[in-house]
Amino acid sequence: MKYLNKIVFINSADKSLPYAEINLDGNVHFIGTQGVGKSTLLRTILFFYNADKQKLGIKSGQKSYDEYYFPFQNSYIIYEVQTETGAFCVLTFKSQGRVAFRFFDSAYNKAHFIDSEGKAFEIWDKIRDSFGKNINYTRIISSYEEYRNIIYGNNKELPKDFRKYAIIESKQYQNIPRTISNVFLNTKLDAEFVKETIIKSLNEDEIKIDMTTYSQHLRDFEAHLNDIKKWTDKNNTLEKQVDKVSEFYASLKFLEREKEESAGRLGWAINNVKAQQPKFQELLTVENLKKNQKQAKLDELDSDFEKKKGNIQKQIGEFSSKLKEISTKRREYELVKINDIIERVTKKNSLELEQKNHTVEKGILTSKFTEIQQRFEALLKQLENQLKEFENNKQAEKNVANANFTNFKDEITNQYKTIFENIETQHRTELEMAQSLVKEKENAITSQTIRQAETKNKRFYEKEIEGCKNEISDLKTKIVNAENAINQAKKEQKNLEKEWQLDEKRITEENRREVEKQTEKQAKLKSQIADIDQKIENSKDSLYSWLNEQVPDWENTIGKVIDVDNVLFKSGLNPQKVSDNNSDFYGISIDLQEISREVKTVADYENEKADLQNQITEIQKLISVLNAQREKELENLRVKFHKKLK
């Protein structure tokens with residue numbers, strides 16, 4: 001028994017599997033969460049059996065089989081197949097941009113593909129050298145059909161060294177990989193159908209063809225045979241060129257299909273973005289409104305700042321004005337000699353007394369004394385009195401002044417010291433406060449100037465603006481993706497419409513053919529009914545009527561050999577009885593035991609007619625059912641189409 005025993009991944013599965021060995025020697029159950037590699041392994045197993053990258057269940061938009069499983073030059077997938085006599089391996093690798101195969105007659109050995117440093121060999125020469133002389137290997141197999149012929153044992157036109165790598169031997173194996181693909185892709189299949197497909201594929205009976213049926217195709221057979229011989233000639237280089245052209249054409253078609261799919265996805269994304277553009281435009285409008293509100297609030301804060309700045313600058317001006325006024329007053333007092341004025345104010349009492357004396361003197365001088373001597377004596381006495389009084393006053397004033405001076409001196413000294421200290425302390429505090437206030441205002445002015453410069457140069461809400469820009473960029477990207485999605489959806493819609501039209505056309509055509517078939521059958525039945533009606537109508541003047549009247553029990557004698565259509569119901573024959581008993585016709589009894597033909601009566605024909613009419617009725621009902629079924633299938637197609645559109 002031959003079976004797939006092991007799969008080895010080297011630098012495969014989109015760079016996620018540097019090295020992995022999976023044994024398949026028995027019943028295997030895959031279980032795990034999403035993304036652990038179940039589908040990756042199943043597609044690898046399926047590719048071993050069908051070698052068809054288009055039937056691996058890879059969805060549109062996903063990486064291709066070549067890109068996903070063979071991302072590097074040294075990416076390999078090795079299949080180990082166990083046989084009754086040993087094991088052989090199938091090496092898959094990327095060659096000229098697509099997956100190719102090599103068979104080698106040995107079980108898997110890690111040392112053949114991984115060096116001592118744990119790196120996979122990048123070129124075939126190193127792998128070949130590691131095989132040595134004891135392991136046989138085949139040439140590169142680039143054709144997937146040739147690979148399937150090898151593993152399924154279609155040995156026709158294959159070299160002998162490939163035959164030992166077959167897991168079965170069948171010339172009609174084509175249904176096996178299709179069935180395996182359907183099983184792996186969860187396509188609904190009955191078990192009996194699978195068994196029947198495999199059994200038929202294993203049937204080695206050659207299909208016999210009746211050459212007489214194809215005689216018209218055998219013209220110029222020799223010329224075609226010579227062309228085939230030229231084509232199959234071993235030295236023919238044209239076949240290799242054609243293979244290369246076919247491979248290039250297949251690659252070109254694949255690239256064109258990928259291009260169309262990419263264009264479809266891009267168009268779908270653009271349409272999706274266009275569809276979402278109004279929504280994001282509305283969001284952008286809301287964000288712009290928020291931005292304007294923030295800007296208005298920022299302008300309001302700037303206005304409040306300017307007002308506070310003006311008030312502070314006004315206070316600074318007032319303090320500066322007061323300081324200037326103090327300095328000005330100080331200079332003015334120094335100019336008017338305020339100290340001399342203060343000293344003169346202290347002489348007010350003496351000057352007032354002097355003024356009083358001069359007033360008295362004036363009164364004496366202006367009195368009515370006639371005698372000058374008396375006047376002078378009186379004046380002299382008065383002067384002496386005044387002098388004494390003046391001296392007394394002055395002495396008293398002197399004493400008082402001395403006492404006062406002493407007290408005043410002490411008091412003034414103390415007051416001076418106190419006032420000086422107070423003034424010094426007061427002015428020092430005020431000066432320090434003024435200087436501190438000035439420095440504070442200067443620092444505030446500097447700070448406000450710096451803030452003003454920062455405010456002029458600063459980009460407010462920079463993070464928010466950057467976030468909005470990023471969001472706008474994301475929205476634009478989403479708009480592009482949305483437009484692409486819409487285009488893709490439109491493309492899918494067109495494809496679905498075409499698919500629906502084709503299905504509708506197919507169903508309609510099948511229904512039409514079935515209806516035509518039943519109509520044709522109905523026409524044949526009607527024709528039979530017409531023939532029966534004609535027979536019944538002609539039975540009155542025909543041999544059939546005469547025999548019923550003239551020859552008793554004729555159904556068991558002449559009726560067994562007579563031609564019903566051409567004789568029995570044919571009119572104008574003028575039947576008569578004859579006396580010749582040896583005659584084998586017209587009433588002569590002969591031995592007809594070997595004839596088992598049954599002659600139908602008019603009632604039988606009536607019954608046959610009724611049966612035919614019932615068949616016609618059934619056919620009409622079947623046509624109605626087929627029409628209803630067609631309408632139902634079309635309705636199901638419409639529902640399916642609309643679901644896919646949604």
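Residues are numbered from 1 along each chain as its sequence is written, and side-chain values use heavy atoms, with hydrogens and water left out.

Confidence comes first. Mean pLDDT (the predictor's confidence in each residue, from 0 to 100) is 77 for the chain, and 77% of residues reach 70 or more. Helices (H or I, at least four residues) and strands (E, at least two) are DSSP runs, numbered from the N terminus. Helix α6 (residues 191-202) has the lowest confidence, at a mean of 57, while strand β3 (residues 76-82) has the highest, at 94. Over residues 203-209, pLDDT stays under 50. Where pLDDT is low, the predicted coordinates should not be read in detail.

Now for the packing. A nonpolar core is a set of buried (under 20% relative accessible area, 1.4 Å probe, protein chains only) Ala, Val, Leu, Ile, Met, Phe, Trp, Tyr and Cys residues joined through side-chain atoms within 4.5 Å. The largest one holds 37 residues, and L4, I7, Y65, Y79, F103 and Y147 touch the most other members. Its largest share, six residues, comes from α1.

As for β4, eight of its nine residues are buried, so the strand is largely enclosed by the rest of the structure. It runs antiparallel to β3, with six bridges joining the two; pairing takes at least two DSSP bridges. I78 stands opposite L91 in β4. On to β5: seven bridges pair β4 with β5, again antiparallel, and T92 stands opposite F101 in β5.

Terms used. Predicted model: local features only at pLDDT ≥ 70, side-chain atom pairs only at ≥ 80, totals over all residues. Contact = heavy atoms within 4.5 Å. Buried < 20%, exposed > 50% of the residue type's maximum accessible area, 1.4 Å probe, protein only.
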